[in-house]
Amino acid sequence: MITRNKNIANLKAGYLFPEIAKRRREFAAANPDAKIISLGIGNTTEPVLPHINAGLVEGARKLGTVEGYSGYQDEGLPLLREKISKVFYNGKFSIDEIFISDGSKCDIGRLQMLFGSGVKIAVQDPSYPVYVDGSVIIGAAASFKDTGYAGITYLPCTAENIFFPNLDLIENNSLIYFCSPNNPTGAVSDRAQLTVLVNTAITKGCIIIFDAAYSEFIRDSSLPKTIYEIDRADECAIEVNSFSKPAGFTGIRLGWSVVPKALKYAGGESVHADWSRITGTIFNGASNIAQAGGIAALDDEGIKEMRALTDFYLTNAKLIRETLQKLGINCIGGDNSPYIWARFPGKDSWEVFAQILEKCHVVTTPGAGFGPAGQGFVRFSAFGHRADVEEACNRLTDKLSI
Ligand SMILES: *Cc1c(COP(=O)(O)O)cnc(C)c1O
């Protein structure tokens, strides 16, 4: 018989969200009358707004006409790439440095092929699971021991360092995953911090994969919305971003990666050329309908709609944060990000998760599921209908005293 990819056997437990779904199902089965509210998974809940939706509809309609029909689009529709460069990067990149995809999680998985199984990895701890699990699957992380994988350097982000890690821990020639605004902590790195990150990467011969999926939630104009606001980032960073959260495209699927031509490997070869080769080989592009929606999202009207949608979720975040603060629970995030990271010192985060589910019938995400430094924290997501978020906040106020 054919044998299993041994890297997959190295994956620790199940993926976080199926495990949460399982515990929710078990609770629901035992408590059939409970009206469970989810502030757990970071999945969007509100409808696509009208102008952007009209773009999707028009994209679909055109496919039914001889003049409007289009097939494979390789790296993406030129108009969409041009608009992304203009709206997100002030026109800094040529359209061939922007690769359209079916989402940034998928890109993160594929990007790992650029570096293969021999690469050293550094991640913020806690972090979005695909950075670690994707590295394990590709063989870049050796076996799991105690609390983490050998081959992966965990950069603890804690209350003590205000959720920005000590970059001295990064080994030379590492691939650094960095997410800001951060999922799960909700922390946003400022310009000085990202400058240190870029300088560290350049000094240590590292490449950063910068995940900017929540950039459109930033309201404080002093905070960078892209790593490329930092000098020389184009020599050391790839950025991924997505329409999932700001435009509600989680189910429509549209994202992009920026791979600057200035980015080189140790041997001087072009990372851009390899990314072009990889995407051309194993990926056939994002849906043309989704791309038509993306083009509409980057019109003046679409940008206003994304602002309104992110404002809506940020208002939810504020309600949750204020509720927790009134309960005396220490938390961060929720101002320039849709996540609130709540601290329960000395408690096991799965235990806190279970207590909130039992007492309030509210689903959260246990911090330990995002990495060892997430122990003692629980993540609240602001993605939800307003009435559900208000109801969840009322229940937390009435029933939660941990
Ligand atoms: C939701 C999310 C993404 C977006 O993934 P898509 O595949 O584009 O839907 C990327 N990174 C982080 C950290 C996320 O939370």
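Which residue forms a salt bridge with Lys83, and how many Å apart are the closest N and O atoms? The partner is Asp299, with the closest N and O atoms 2.5 Å apart, a salt bridge being a side-chain nitrogen of Lys or Arg within 4 Å of a carboxyl oxygen of Asp or Glu. The views below come from a predicted model, in which local features need pLDDT of at least 70 and side-chain atom pairs count only at pLDDT 80 or more, whereas totals for chains, interfaces and linings use all residues. Residues are numbered from 1 along each chain as its sequence is written, and side-chain values use heavy atoms, with hydrogens and water left out.

**View 1. The salt bridge between Asp299 and Lys83.** This pair links distant parts of the chain, 216 residues apart: Asp299 lies in the loop between α10 (288–297) and α11 (300–326), and Lys83 in helix α4 (residues 78–89). Helices (H or I, at least four residues) and strands (E, at least two) are DSSP runs, numbered from the N terminus. Lys83 counts as buried at 18% relative accessibility, whereas Asp299, with a relative accessible area of 24%, is partly exposed; buried means under 20% relative accessible area, exposed over 50%, and partly exposed in between (1.4 Å probe, protein chains only).

**View 2. Further salt bridges, at Arg219 with Asp311 and at Arg232 with Glu235.** The closest N and O atoms of Arg219 and Asp311 are 3.0 Å apart, and this pair also links distant parts of the chain, with Arg219 in the loop between β8 (207–211) and β9 (237–242) and Asp311 in helix α11, 92 residues apart. Both count as partly exposed, Arg219 at 25% relative accessibility and Asp311 at 33%. The side chains of Arg232 and Glu235 meet at 3.0 Å, N to O; Arg232 is partly exposed, with a relative accessible area of 44%, and Glu235 is partly exposed as well, at 35%.

**View 3. Helix α10 packed with α4 and with α3.** The axes of α4 and α10 lie 9 Å apart at an angle of about 35°, where axes are lines fitted to C-alpha atoms, for helices over the stretch in contact, and angles run from 0 to 180 degrees between N-to-C directions. The crossing of α4 and α10 is left-handed, meaning that the near helix is turned anticlockwise from the far one by less than a right angle, and right-handed if clockwise. Leu79, Leu80 and Lys83 of α4 make the contact with Gln291, Gly294 and Ile295 of α10, contact being heavy atoms within 4.5 Å. Helix α3 (residues 50–63) and α10 have axes that come within 7 Å and cross at roughly 145°, in a right-handed crossing. Residues of α3 including Gly55, Gly59 and Leu63 meet residues of α10 including Ala292, Gly293 and Ala296. By class, this contact of α3 with α10 has nine nonpolar, five polar and no charged residues (Ala, Val, Leu, Ile, Met, Phe, Trp, Tyr, Cys and Pro count as nonpolar, Asp, Glu, Lys and Arg as charged, and the others, Gly among them, as polar).

**View 4. The open sheet of seven strands, with mixed pairing.** The strand order is β2-β10-β9-β8-β7-β3-β6, two strands being paired if DSSP finds at least two bridges between them. Because β2 (98–101) and β6 (152–156) stand at the edges, each with a single partner strand, one side of each is left without a neighbour in the sheet. The twist averages 20° from one strand to the next. Strand β3 (residues 120–125) runs parallel to strand β7 (residues 174–179), joined by four bridges, and Ala122 stands opposite Ile176 in β7. Helix α5 (residues 104–111) lies across β2, β7, β8, β9 and β10 (255–258), running at about 150° to β9.

**View 5. The open sheet of four strands, with antiparallel pairing.** Its order is β11-β12-β15-β14, with β11 (330–333) and β14 (365–366) at the edges. Four bridges join β11 to strand β12 (residues 339–343), and Gly333 stands opposite Ile340 in β12. Helix α11 packs on this sheet, touching β11, β12 and β15 (377–381), and its direction makes about 10° with that of β12.
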